[in-house]
Number of protein chains: 2
Amino acid sequence: MKRIAYPAAIQALIGELKRLPGIGPRSAERIALWMLQSRDARPLEVSRVIREVQESIHACPRCGFFTTDTLCEICADTTRDAAQICVVEQPTDILPLERTGVFLGRYHALGGRISPLDHVGPEELRIDALIERIKAEAPSEIILALGSDVEGEATANYLATLLRELPVTVTRLAQGLPAGGGLEQADELTLSRALAGRTAVKG
Amino acid sequence: MKRIAYPAAIQALIGELKRLPGIGPRSAERIALWMLQSRDARPLEVSRVIREVQESIHACPRCGFFTTDTLCEICADTTRDAAQICVVEQPTDILPLERTGVFLGRYHALGGRISPLDHVGPEELRIDALIERIKAEAPSEIILALGSDVEGEATANYLATLLRELPVTVTRLAQGLPAGGGLEQADELTLSRALAGRTAVKG
């Protein structure tokens, strides 16, 4: 007597679900069985929206954000300040910045950061497109909103050097204590950067 | 200036993923963004296997297990013991029993358990089909492998009463201490059932 397992189609489904980020083997099996046992069209709906996203969403040719249109909502919005371009690593970094409600300019997603270990050099990133945009749109300020890890720093330094020749101010996000964080939770690097970036207080 | 969000297709995807069991809003967003940023065909593959499972898998008309064929692997296996039918609540309960490697008979999934609160009565379950099978296949033993909660107990009692008229032995899974569990971890109900079901030890 052979050992019984799920039919191949179910095993393939569990295998695919297991590859999703944050989904382990147990969760994958649980989701697959839920799909098998649900009597409505919801699993097919999941299948449909995955396909729809893959087919309809593409990168905005100007800034790299997600869009179904020729330009994304941000680039198409003429009320936004064209004088500021905020450079981010990934298009997904745009939404957290938007949620702050503070930045009213435009974005430029590089599509990654310089990381020799992952074989990502400057030529893999949308840096040429950024230079073109600066020349075409003539912004007054480029804000580098890159990660504060080694690769983010390296990318920021590379860009700062490159953009020195262009008539544009280059700034970067402040580094320091996170909001709500006490000194005892801050690591040494954060604390030394917070010290180095200290600002004057009116006395 | 309006607040920017993800395009509608991405929001729909996040919404659908959020409904999967064990997936919260953060995980749903993470999976959706992973799908957007993956440059290979993997998200489409996920979409495809979900659809494939929905289209190809159906319930075995005899026992209720999953199959792509007319009969499931277990029912089609003529080397299995036709004298024992193990009754489970859900088809997904069959696999854990198979993993034990101990049971060599056949299965019958009821498709649920009697639960008045969820409006599930005996007529919603595959009980008539079980009676038909007993008459047609003439097994010598029906093993009730139902849950040890209130609804499982109620369903087991209902079936035991119903099957009393038929020429078949009805047994149920033992209740007692789980393997590896000490007395201090066992709750009162488990312990009282373990006491009631105590077995003789050779002296």
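**Exercise 1. Which residues lie nearest the centre of the second largest pocket, and how many residues line this pocket?**

Before starting, note that this is a predicted model, in which local features need pLDDT of at least 70, side-chain atom pairs count only at pLDDT 80 or more, and totals for chains, interfaces and linings use all residues. Residues are numbered from 1 along each chain as its sequence is written, chains are lettered from A and ligands numbered from 1 in the order in which they are written, and side-chain values use heavy atoms, leaving out hydrogens and water.

*Solution.* 
- Step 1: start with the term. On a 1 Å grid over the protein atoms alone, a pocket is an open set of points where a 1.4 Å probe fits, with protein on both sides within 12 Å along at least five of seven lines; lining residues have an atom within 4 Å of a point.
- Step 2: look at the lining. It has 19 residues, and A:Ala59, A:Phe66, A:Pro91, B:Leu36 and B:Gln37 lie nearest the centre.
- Step 3: The largest share, 3 residues, is from H2(B). Helices (H or I, at least four residues) and strands (E, at least two) are DSSP runs, numbered from the N terminus.
- Step 4: A volume is the space filled by probe spheres set on the grid points, which are joined across faces, edges and corners.

**Exercise 2. Describe the largest pocket.**

*Solution.* 
- Step 1: the volume of the largest pocket is about 540 Å³.
- Step 2: 22 residues line the largest pocket, and the closest to its centre are A:Leu36, A:Gln37, A:Arg39, B:Gln90 and B:Pro91.
- Step 3: H2(A) supplies the largest share of the lining, 3 residues.
- Step 4: sorted by class, the lining has 12 nonpolar, 7 polar and 3 charged residues. Here Ala, Val, Leu, Ile, Met, Phe, Trp, Tyr, Cys and Pro count as nonpolar, Asp, Glu, Lys and Arg as charged, and the others, Gly among them, as polar.

**Exercise 3. Explore where chain A and chain B meet.**

*Solution.* 
- Step 1: count the residues. Chain A brings 57 residues to the contact and chain B brings 57 residues, where contact means heavy atoms within 4.5 Å.
- Step 2: find the area. About 5,700 Å² is buried between the chains, and carbon and sulfur atoms give 68% of it. Buried area is the accessible area (1.4 Å probe) that two parts lose on being put together, summed over both.
- Step 3: look for charges. There are 2 salt bridges between chain A and chain B; a salt bridge is a side-chain nitrogen of Lys or Arg within 4 Å of a carboxyl oxygen of Asp or Glu. One joins B:Arg99 to A:Glu29 (3.7 Å, N to O).

**Exercise 4. How far apart are the closest N and O atoms of A:Glu52 and A:Arg48, and by about how much of a helix are these residues separated?**

*Solution.* 
- Step 1: the two residues form a salt bridge, with the closest N and O atoms 2.6 Å apart.
- Step 2: A:Glu52 and A:Arg48 are separated by about one helical turn, because they are 4 residues apart in helix H3 of chain A.
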